[in-house]
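Trainee: I would like to learn how to read an interface, a record annotation and a sheet. Can we go through them in turn?

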Amino acid sequence: MPDSRRDFLRGFAAVTVGAAAVAPAGAAPTPQAAVSPDKTPRWAMVVDVAKCIGCQSCTVSCIYENAVPEDSFRTIVSTYEVQEGDRAAMVMLPRLCNHCADAPCIPVCPVGATFQRADGIVVVDADRCVGCAYCVQACPYDARFVNHGTQKADKCTFCAHRVEAGLLPACVESCVGGARIFGDLDDPKSTVSKLVAKGDAKVLKPELGTRPHVFYLGLDDRLTGKVEGEPTLWHPTGRETHA
Amino acid sequence: MDRRTLLKTGVAAGGLGAFAAGYADTARKVVEGVADSLAPKAKAANIHGASLKPEFTVDPATGGLTPDPDQQVSYVMCMGCTTYCGVRVRVDKTSGAVLRVAGNPFHPLSADPPLPPDMSIKDSFVAVSRAGEKGLDGRSTTCGRGSAMLGWMASPYRVTQPLKRVGPRGAGRWQPISFEQMVREVAEGGDLFGEGHVDGLKALRSFDPIDPKAPELGPKVNQVGLMSSTNEGRENFARRFVQKAFGSLNFIGHGGYCGGSYRSGSGAAMGNVKRLPHAKPDFANCEFIIFCGTAPANAGNPFKRQAAMVAKGRTDGKLNYVVVDPVIGHSDSLAAKHRGRWIPIRPATDGAFAMALARWIIDNERYDRTFLVQPNPKAAAAAGEAGWCNATHLVVAEPGHPREGFMLRASDLGLTIEGETYAEKDPFVVVDPATGQLVPHTALAGPAELIVDGAFAVGDKPLRLRSSFDLYAESARRFTMEEYAATCGIPAETLAGLAREFTSHGKKAAVNTHGGTMAGNGFYNAFALIALNTLIGNINVKGGAMVSGGAFPAEGKGPRYDLDGFPGQVTPKGTPLSRNVPYEKSSEFKRKKEAGKAYPSEAPWYPAAPQLGSEWLTSALNGYPYPMKALFVWNANPIYGIPGLKGAVATALKDPKRLPLIVAIDPFINETGAFADYILPDSLLFETWGFAAPWHTVPSRTSTARWPVVESKNAKTADGEPITMEAFFIALAKTLGLPGFGPNAMRDAAGTLLALDRPTDWFFRAATNVAFAGQKPVGDATDEDIALTGFGRHVPALQATLKPEEWRKAAHVFTRGGRYQPYAQGYDGERMAQKFAPALTLYNEQVGTARSSMTGRRHSGVPQWTPPAFADGTPMRKVYAEADWPMLLISQKSVLMGAYTIGLDRLRGIHPENPVALHADDAARLGIANGDKVRIATPGGEVVGTALVRKGVMRGVIAVEHGFGHTEFGARSHLIGDTRQPDGAALAAGINLNDLGLSDPTRKGLSVWLDPVAGSAVRQGLPARISRA
């Protein structure tokens, strides 16, 4: 609303969000001019943070779609209460594997089980994985875990099995606020390309140079790393990513 | 060395360190793995783990669909909350397991915009796929809870066989019995538990008076009642049994302990405190919304649609909003920046907030004068208004006059009227601004005088008359802005700023409230909030306040079948158990008046309220106005849901002499069912039939269909029918020889009598009514539609029940999960298509002329600020002083957990308990740290919870998230036959605010604290103290 109308907020501290804007390190690759139909896509996700209402539909949909065991998450919405001067505010931050172009989880795998497909999806070959958890430790986003049922490294695959079937990842399909957007970053006509091309997309922990392919719109720079806030979900069973 | 290399090295070193520290097993596996990695690659990488096989494949280029023959995708209904969204359910055809739940893209509660209603099922599957990125904008969703609901289907706590209690009530021991035995015992009664004779329904179906000395109480059939929850799609079936066939007046839902204060306050502002009309913002087009006492992205109805529209409105759309609430919730988002803001408020002061805004708007003449001055619908239409109100209508304000508080009517002026004096067609009276004379409100073609307070000659005497608006303005001016600010804790300049903002968008602004008003002054809080909408005249305006788009007639008198009336139908009579009628018409009043002291009554009466579940169990057990003999509790849980009730009645409820027969109809043993004598396993979620409708916020006409996508796990009747509520009532009715069930129980449109022998006789005909409603019936379901959705197994029965021209249309409704008016038809240009026609009421005569049965005093007919009080008007703080109880407890709805979903392991895995929120300043003062165990005490009870120290909560407030603190549903393992239910300690996590609810210290007998006008349960603003445990 125009500033002239904001006086109903008088009595509250002024809000300056994202004042310390920095250009996102490792920002999006520039979309290529044209894509031939049989060209391999580069899958990516854009999360429009202001559209997330923290309902965890993504979390639960993923759990059932991917048989995620009871004490683990392939994705979750970290939910915090943060302070902005005198103002308390809620932060809902969907987290998942970033399918990094330079993924730290890949080189540490002693058996070559973790690899990046041509379409950018970072996957684990369960037939090769020995469950050593080096990749779990290497991931700066806490996006991996050892599945206690299979004893294999487990993580988000962007629902590769659905994407290959012409469908959307489960978390995207059922995102109530429409915050999660999925598509081919190499296709300049795709929604994700257009959103990333606007230039204000950010990634988590850009300073690590991992070149994530999960981009966040509307993310306060102070939230790209460890969040100074009070988690409000309260001790989810097992591991919640607070990286 | 750059950071990247550092990181790698660091991790590798750490990893090797761990390796060396003795991961021998890992070492072995690594060696094997390396060896394997050197072997030639024979097969594709195993990357998908145990992920589900896709339900269908869509060619992204052509959109061609290839279904998976092993799965069905069915459009049905979620029952995870009272929103009842349309969902799509994936089922493994071989195992019958429900695999995943997502949204139904035809359904406006789940998709925005929904698909065109006549699209084929095949195309609807393609529409949610990646092909052409259709599935992004076209996505249809379930919320977190809805996605987890399938966990119910395999719950180990589910009851599948009728149960009869063993030992005393509430002991947790049960004997499985046959359906037929249960029907027989409930019907016939007898010495059922070795505790003496219990009347069965046969003995209780008497039309003799309960008390010949108090004939107004009605016949003895009223001593049988049913507590329901909400209309989840089968309510009219249950009502048919209890009310129309058995003949009892007493059938009640959960409104009195859900959002009853809101509904009553809204009913007062919208002219009817019995039918309780209510409006919501047109979220899609509204520019500024004040949410107070509701948080759209946290809960409410329809939760998911509201949340989605707020998310869309604050990003892509034009919406700005504030959430005025004692505690921050998910409606706030840092990322939304200034588009949505949380404004903390003290509990139970919403009325002060609203009246402050009203005062500022009136003092600054920022109200929509053109709207307010129109005395009737024709004048309003001529002035270009989409609705009208009674602001100009006159109220008799002459002290001591027999008509004081009533609206002046044309008959009072001696004018000839249609119908009876003071009845509906006796016009109201306004002042004609041209002549200054009193005229019927219907007489003017244009405005009437808005602000009137004067003596007018009526008959032979001068009579003080005041306009509704004038009375409302006076009420608003009883306190200054500073006084209101001091009461509600919001700075006066913020109140003024909000009032200015609210009146800066023409009619494209709205106030919205709901269960946050459930305080000891909840009725007036809600009335005051809703009246603000009247001030800007936003009713029926696109972007303003809308009424629901409505539903197609399923369980009523429809175009093909009459599911309403039947031969032999009973019209219930008498006094409802919750005494929501004038005390002054009772024998007790006459008796007491003759004895010289008419007031107080034994317990409160609620003349301006609907039937109240909040007063049911206390009334039944107090035997006032009469004792109850048999109670059905159908998927309802008042003991868990009503603040203070468990503490008040648990002992009495265990005594069969006070309430001889309790029958729970429920798939689980909840906190109320634990007290039952019998439990009838109802069908569960994706095994059930039903027709529901959006409660609100969908502008287009919508009916949601639910049908069994999997076989019921319940035991069967002797006829082979799975046990359900419907099968139970059919069998009971037949045993009792009641009308309306069995042969010749219903009629088709031609008047032919038909049987009601099985549930599908009802639901197939309901579907047909839905299909044929309106100008044109729906199309026919194709064989492909039926095959893709798995509806085929119901087709033989459908064909056998319906007429040849009907069954494919009924199947169209089932396969689409309902029927939907095209969404765009919800609007009529710049107005809503569905309009609220009656007058909005700034002065409500029904309320203003009703008296408290405890004091004999009249209620205020206009909104007002009044502090929380007990039944006799004593302010709560007079009894429970701030010095002793310095904190106020509030209930906050959970984004994830519902009142009955604690058994969903995957939800609990995300959010396992409900720590109580309190402000960091309070915590520091009390020496409480985050995560500390804290003891919370109120005059009604004491519990130990976990502290969550926050700043997003008003100082002086303890906020408790609803849905935890269960003692049943699996939290206690019952002994069923020889089998003990599994240990469910995790289901007992957290605390339940309702265990801290209050009895009313100004009442006799068993009581809970209820709003004195609306009779709604009080869960907001409970006096409390907190300390480290």
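The dialogue below takes these topics in that order.

Mentor: Keep in mind that this is a predicted model.

Trainee: Start with the interface. How many residues of chain A are in contact with chain B?

Mentor: Contact here is decided by a cut-off, with C-beta atoms within 7 Å. By that criterion, 89 residues of chain A are in contact with 90 residues of chain B.

Trainee: Which elements give two or more residues to the chain A side?

Mentor: They are α1 (57-65), β2 (76-84), β3 (87-95), β5 (122-124), α2 (134-138), α3 (160-164) and β8 (180-184) of chain A. The most comes from α1(A), with 7 residues.

Trainee: What is the make-up of that side by class?

Mentor: The side of chain A that touches chain B has 46 nonpolar, 25 polar and 18 charged residues.

Trainee: Now the annotation. Which residues of chain B does UniProt list as a domain?

Mentor: An unreviewed UniProt entry lists residues 70-157 of chain B as "domain: 4Fe-4S Mo/W bis-MGD-type". In the model, the end C-alpha atoms of residues 70-157 of chain B are 29 Å apart, and the span is 17% helix and 23% strand.

Trainee: And the sheet: what is the strand order, and is the pairing parallel or antiparallel?

Mentor: Three strands of chain B form an open sheet, β27-β28-β31, with antiparallel pairing. An edge strand pairs on one side only, as do β27 (690-692) and β31 (818-820) of chain B. Neighbouring strands of the sheet are turned by 20° against each other on average, direction ignored.

Trainee: How many bridges join β28 to β31(B)?

Mentor: Strand β28 (residues 702-706) of chain B is joined to β31(B) by 3 bridges. Thr704(B), for instance, has Gly818(B) in β31(B) as its bridge partner.

Notes: Residues are numbered from 1 along each chain as its sequence is written. Chains are lettered from A and ligands numbered from 1 in the order in which they are written. This is a predicted model: local features need pLDDT of at least 70, side-chain atom pairs count only at pLDDT 80 or more; totals for chains, interfaces and linings use all residues. Two residues are in contact if their C-beta atoms, placed from the backbone, lie within 7 Å. Helices (H or I, at least four residues) and strands (E, at least two) are DSSP runs, numbered from the N terminus. Ala, Val, Leu, Ile, Met, Phe, Trp, Tyr, Cys and Pro count as nonpolar, Asp, Glu, Lys and Arg as charged, and the others, Gly among them, as polar. UniProt positions are given in the numbering used here, feature names are shortened, and annotations may be inferred rather than shown by experiment. Two strands pair if DSSP finds at least two bridges between them. Axes are lines fitted to C-alpha atoms, for helices over the stretch in contact, and angles run from 0 to 180 degrees between N-to-C directions.
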